[in-house]
Amino acid sequence: MDVPDRLPYEVLERLYGDDGPSLSPHHQPRRAVLVVSSKKSGTFRPFVRVRPTDLIMYQALVDQLAPDIEGALLPRNHVGAYRQLLTRDDNAFAATPSNDEFRHSIHQAILEHPGSFVLETDISGYFLGIRLPQLEEKLIECSERPDVVYDVVELLTQWQQFGVRGLPQGIRPSSPLGNLYLSSLDRLLGRFSVPFFRWMDDIWAICDSYSSARRIQDEIEKHLYDLGLTLNGEKTTIRRAETAALTLEPAAARFERRRDAAVEEIVEGLENAEYIDPSEIPDEEEIDHAVTIGEHDRLIGFLDDEVLPREFSADMSLVYRRLERLEDAHGLVGISRVLVRSPDLSAVAMRYAASLANKAPKDVVAVFADVLGDGRFTRDYEKLNICHKALSLKRDPNSNLGSLLGNLATTDPHPLIRAKALVAWGPHSGMDEFEVFDRFLQSAEPQWRPYALVSIHRKRRATRDERYEKWAGEGEGVAAVAAMLRREQIKWGRL
């Protein structure tokens, strides 16, 4: 799941063990929840969050079709994005290369074709534009399990009646279906005998001339029209190989180039020096640290520009990961400004901040309070990431983080954000504070009540149990969760 929302799955595992909850042969999915998530371009995509039992059913059906779907797809070095294993591994997508690894392989292929022209494009609103009747045709064409195909399509159709367009984004079972939908496009590209690569709806083709690249682009657009899809005009480009290779260069490679330049500068300085003090020669760790700090400050300098560099998000993500490993708080002060311009960095930035909770607790709490402050524009996905990472912070009685999370839990229009904020409010509120809990439950639908029970499970036992008793009468599910929390608490870090 892209949005960290583990609690309902943790509760099911506690209640039912490895066997999981029972599923009815006549399964009726519940209404899904849409979560607005930021893209690097500044636009958004609607992630879909479904009930745990619905996700289990969806994955189980797609698992049954996995051999047929994989048989219809080209090799993984050409078509990526959550390819399924055909073994009984717990993680059905364990062998999928990461997006960075896949892009690195494209980068290497382009370098092997100097003088070529590279068509790079993606499909506009891909998951939203998938038509279920055509998906059903493609599944029937490749599979000998029409019964499973009809069940998958029926499940997707019912979600569409709840407002989910196309395939639900943000849950992994959708990826094999999304890949299969474009399998005919893969075969078309294969007939051109040019190296091509596809990561779901992102497509690259290495052509021997500009006109050849244009012809392939035209053929792609014609084929997509029949599927009810179209290319994203702003992201469709034809570049010379040298330029395309630079745009695909991994952030780690750019960092290494700058590190090498720093080393060369040090060597030149040593060669020109009349006397060298061995104690002043920096070691590799010191050089890495200095380059990381320098990269952070260089990227921060772009925040005042009208347009951020294309590689800003990837480079800053790498910097935050490196600062986290170095346990260096240098980047804390800039997080708030960075997330205004590049909100897609919320997960990695807040994880970095949370990792310094023991080393710089007041500064970290200040960062969380700042990004939760009034008047700040924050999308659903960013709010969920902030609440998720707040669970790993120690309570500071002098901070206003508890009140900010409590306000989010009772006023935000999104039910999942309110629920997640309530869980985060729990460890940042006093042992005898229950007002936010009480206000939340006055308006919460039944599916969100377990979040409330968990939010107070570490508060003073007697007062907590009074509320557990009061709400246990709301149904067997609530009573079971309350009883489970009395027996064994859930660690905040698991949520």
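**Reading a predicted model**

Tutor: Let us begin with a loop: Asn232 is found between helix H9 (210-226) and strand S6 (237-240), where helices (H or I, at least four residues) and strands (E, at least two) are DSSP runs, numbered from the N terminus. This is a predicted model, in which local features need pLDDT of at least 70 and side-chain atom pairs count only at pLDDT 80 or more, whereas totals for chains, interfaces and linings use all residues. Residues are numbered from 1 along each chain as its sequence is written, and side-chain values use heavy atoms, with hydrogens and water left out.

Student: Which residues is Asn232 in contact with, leaving aside its neighbours within four places in sequence?

Tutor: Contact means heavy atoms within 4.5 Å, and with those neighbours left aside Asn232 is in contact with Thr121, Asp122, Ile123 and Ser124. Trp425, by comparison, is 193 residues from Asn232 in sequence and 41 Å from it in space, C-alpha to C-alpha.

Student: How should I read strand pairing, and how many bridges join S3 to S5?

Tutor: Two strands pair if DSSP finds at least two bridges between them. Strand S3 (residues 117-122) runs antiparallel to S5, and six bridges join them, with Leu119 having Ala205 of S5 as its bridge partner. Strand S4 (residues 196-199) also pairs with S5 in the antiparallel sense, over four bridges, and here Phe196 stands opposite Ala205. The hairpin of S4 and S5 has two residues between the strands, and in it Met200 takes a positive phi near 55 degrees.

Student: Is strand S5 mostly covered or mostly open?

Tutor: Buried means under 20% relative accessible area, exposed over 50%, and partly exposed in between (1.4 Å probe, protein chains only). By that scale S5 (residues 202-207) is mostly covered, since five of its six residues are buried.

Student: What is a nonpolar core, and which members of the largest one touch the most others?

Tutor: A nonpolar core is a set of buried Ala, Val, Leu, Ile, Met, Phe, Trp, Tyr and Cys residues joined through side-chain atoms within 4.5 Å. The largest has 78 residues, of which Met316, Tyr320, Leu332, Ile335 and Phe368 touch the most other members. Helix H19 (residues 415-425) gives the most to this core, with eight residues. Apart from this core lies another, of 65 residues, among them Val50, Tyr58, Leu185 and Ala245.

Student: What is the volume of the second largest pocket?

Tutor: The second largest pocket has a volume of about 1,500 Å³, and of the 35 residues that line it, Ile56, Gln59, Asp63, Asp90 and Asn91 are the closest to its centre.

Technical notes
On a 1 Å grid over the protein atoms alone, a cavity is a set of points where a 1.4 Å probe fits but cannot get out, and a pocket is an open set with protein on both sides within 12 Å along at least five of seven lines; lining residues have an atom within 4 Å of a point. Grid points are joined across faces, edges and corners, and a volume is the space filled by probe spheres set on the points.
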